[in-house]
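Here is a short briefing for a first look. Please view the sequence and the structure, then read the points below.

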Amino acid sequence: MDRWQAMRIFVQVVESGGFAPAAKMLHISPPSVTRAIARLEEMIGTRLLVRTTRSLKLTAAGEGYAADCRRILAEIAEAEANAAGSFTHPAGLLTVTAPALFGRIHVLPVVLDFLDRYPAMHVKTVFVDRVTNLVEEGLDVAVRIAALPASGLIARRIGSVRQVLCGSPDYFARFGEPTELQDLAHHRMIGREGLFGHSEWLFGRDNSIRVPISARLIVNTNDAAISAAVAGWGLSRFQSYQVAPEIEAGRLKVVLADYEREPVPIHIVHAEGRMVSARVRAFVDFAADRLRRRAGVNAAP
């Protein structure tokens, strides 16, 4: 059995969580899968998997080898696609990930337009509020809202978002608008678990201004905080894209804008490689143009 096929079987075993499921996915017998893994471990000279009657776990060597196999197999697939001409015409499956709310509000409409533009494309979205690993999780493109650390990913900055303090017109009619940061001590504040849920909030471009915050209402989702603010209960802090529709409709109003923190950059990232498939290149170009024009997103210079 050649090395490429053995790698393919090994990755399928890892992703399927067992020999029998992998055999079913690959349309081969379970003994064939067992022999392939045994031969692969013999060729490499180390154990890749620890097998028991109830579980299957990667060894430390196996974890690294699995990541390398995924990368190598992806490059082979790209080379074959290039030879077949699909680097000219976007086709196939593309997996796109983004933060949950940003994905629903901004990325999903772009995906729908992209599918209309390219009928041969299929897209799977993964909208989650955590940093995903593109290579290990088999993802093609990610939208990241953060300052990016050094990595092997290709990143294109498409803009930034502000952190804004908002309240509803009804709230301001009842309690007045704060004009200085110290005024917040006399206002109803809506906090969130984790983000903006602390006893003090940072303000100023360099985050040098610390303001004590006593939130009488603490919620665990952005949607709940937005609903409470729109209902006129109190003030809360958001990323500008999260409340852009409410601000445009006049349901929320930004206050104390002069004290805002430095805007947070938005990037579209994908795995680096010698070749970028047409489906990735087409989506990145398509999405970058449209996301720069979305409400609540400040275009990159």
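At 11% relative accessibility, Leu256 counts as buried, where buried means under 20% relative accessible area, exposed over 50% and partly exposed in between (1.4 Å probe, protein chains only). The model is predicted: local features need pLDDT of at least 70, side-chain atom pairs count only at pLDDT 80 or more, and totals for chains, interfaces and linings use all residues. Residues are numbered from 1 along each chain as its sequence is written, and side-chain values use heavy atoms, with hydrogens and water left out.

- Leu256 sits in the loop between strand E13 (253–255) and strand E14 (264–271); helices (H or I, at least four residues) and strands (E, at least two) are DSSP runs, numbered from the N terminus.
- The phi of Leu256 is positive, near 55 degrees, and the residue is not glycine.
- Asn207 lies in the loop between strand E9 (200–203) and strand E10 (209–212).
- Asn207 also has a positive phi, near 60 degrees.
- Asn207 counts as partly exposed because its relative accessibility is 30%.

**Helix H9**

- H9 covers residues 278–291; its 14 residues should span 20 Å at 1.5 Å a residue, and its end C-alpha atoms are 19 Å apart, which agrees.
- The expected span is 1.5 Å times one less than the number of residues.
- Buried residues of H9 include Phe283, Phe286 and Leu291.
- The buried residues of H9 pack against partners including helix H5 (100–117) and E14; contact means heavy atoms within 4.5 Å.

**Leu101**

- Leu101 is in helix H5.
- At 9% relative accessibility, Leu101 counts as buried.
- Leu101 touches Asn222, Asp223, Ile226, Tyr241 and Gln242, not counting residues up to four places away in sequence.
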